[in-house]
Structure formats: C-alpha cells, structure tokens
Amino acid sequence: MFPPNHESCWVKVLCGRTDYSASRLARAVEDCDAHLLNLNILATSPSADMVAVLLRVGIRHGQSVVRSLARYGYDSEVITDPMRDVAEKFSVAVTVDSPLQP
C-alpha cells in the first residue's frame, strides 16, 4: 500500500461518523511533534455509525499519539500490520480512500 518507513508507525482510530474530523486528527498528531504522513478512511457499510481511520504518523513509537488522540476523545491503538489488523478487528472490507456516506 505505502512504501515502508522505519521512522513511522500506524495508528488505527475508531470513531462515530459525526465525530470524525481530519483536521482534529491531524492536530492531535501534531501535538506530539509528529507529522501525519497518511490518513485513510476505511470503508464500512453505509448504514454503520462508526468510521475506521488508519493513520501513518512520522514517529517511531506511537504511544504518545494514542495518548494525544485520547485527549481529543478518540479511541485508538498502534498496530503493526494495518490491513490485516483492521480487517480482523473491525470486520470491514478494507478499501482505501473511500468517501464517507452522509
């Protein structure tokens, strides 16, 4: 999906559709002096109230990002294999760059 970068990590975020905000997610990452390298919305069913978001951040260990996201009210965790982990835990078909349904 993306070229490997040893100075980055993956963080998955699960939030309600009405709580999703790319700018708030980016701000939470930047509060840790990290760069947001990728932000992907993973497809769920159009009727689902939850959105799975996959972030790649420019920091080797993402626990500080997870803590920052928690301060912003997001549930998140660092993952090692983003596609397998998200598909298994969220029971979603992984489709990158899928638009949110209103």
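**Close-up views of a predicted model**

**View 1. Valine 13 and its surroundings.** Leaving aside neighbours within four places in sequence, valine 13 is in contact with Leu25, Val51, Ala52, Val53, Leu55, Leu69, Tyr74, Asp75 and Ser76. The model shown here and in every view below is predicted. Val13 belongs to the largest nonpolar core, which has 20 residues. Val11, Val13, Leu55 and Leu69 are the members that touch the most others in this core. Two or more residues of the core come from each of S1, helix H1 (22-30), S3 and H2. A second, separate core has 5 residues, including Trp10, Leu42, Leu54 and Ile79. In soluble globular proteins, nonpolar side chains tend to be buried together.

**View 2. The whole protein chain, for orientation.** The chain holds 3 helices and 4 strands. Along the sequence, their pattern reads β-α-β-β-α-β-α. Of the 102 residues in the chain, 41% are buried. Among contacts with a separation of 6 or more, 73% link residues 24 or more positions apart. The accessible surface comes to about 5,800 Å². Carbon and sulfur atoms account for 50% of that surface.

**View 3. The buried face of helix H1.** Leu25, Ala26, Ala28 and Val29 are the buried residues of H1. They line one face of the helix, because they fall within an arc of 160 degrees when seen down its axis. An α-helix has 3.6 residues a turn, so residues three or four places apart point the same way. The buried residues of H1 pack against S1, strand S2 (36-42), S3 and H2.

View 4. In H2, the buried residues are Val65, Val66, Ser68 and Leu69. Their arc around the axis is only 165 degrees, which puts them on the same side of H2. Their packing partners are S1, H1, S3 and S4. The face of H2 turned away from this buried side carries the exposed residues Arg67 and Arg71. Just after H2 comes glycine 73, with a positive phi of about 90 degrees.

**View 5. Serine 68 in its contacts.** Serine 68 is in helix H2. Its relative accessible area is 0%, so serine 68 is buried. Not counting residues up to four places away in sequence, serine 68 touches Ala28, Asp31 and Cys32. Ala28 is itself one of the buried residues of H1.

**View 6. The salt bridge between glutamate 7 and arginine 60.** A search of the whole structure finds 2 salt bridges. In this one, the side chains of glutamate 7 and arginine 60 meet at 2.4 Å, N to O. Glutamate 7 lies in the segment before strand S1 (9-16), and arginine 60 in the loop between strand S3 (50-57) and helix H2 (63-71), so the pair ties together parts that are 53 residues apart in sequence. Glutamate 7 is partly exposed, at 45% relative accessibility. Arginine 60 is also partly exposed, at 45%. Side chains of opposite charge can pair when their charged atoms come close.

**View 7. The salt bridge between lysine 12 and glutamate 77.** Here the side chains of lysine 12 and glutamate 77 meet at 3.2 Å, N to O. Lysine 12 is in strand S1 and glutamate 77 in strand S4 (residues 75-79), so the pair ties together parts that are 65 residues apart in sequence. Lysine 12 is buried, at 4% relative accessibility. Glutamate 77 is partly exposed, at 33%.

**View 8. Histidine 6 and isoleucine 59.** Histidine 6 sits in the segment before S1. At 67% relative accessibility, histidine 6 is exposed. Histidine 6 and isoleucine 59 are 53 residues apart in sequence. In space they are 8.9 Å apart, C-alpha to C-alpha.

View 9. The search of the whole structure finds 0 disulfides. A disulfide is a covalent bond between the sulfur atoms of two cysteines. For cysteine 9, the closest cysteine sulfur is that of cysteine 32, at 10.0 Å, which is too far for a bond. The cut-off is 2.5 Å. Cysteine 9 is buried, with a relative accessible area of 6%. Cysteine 15 is buried, with a relative accessible area of 4%.

Key: Residues numbered from 1 in each chain as written. Predicted model: local features only at pLDDT ≥ 70, side-chain atom pairs only at ≥ 80, totals over all residues. Heavy atoms only, no water. Buried < 20%, exposed > 50% of the residue type's maximum accessible area, 1.4 Å probe, protein only. Salt bridge = Lys/Arg side-chain N within 4 Å of Asp/Glu carboxyl O. Core = buried A, V, L, I, M, F, W, Y, C linked by side-chain atoms within 4.5 Å. Contact = heavy atoms within 4.5 Å. Areas by Shrake-Rupley, 256 points an atom, 1.4 Å probe, with all protein chains shown as cover. Arc of directions from axis to C-beta.
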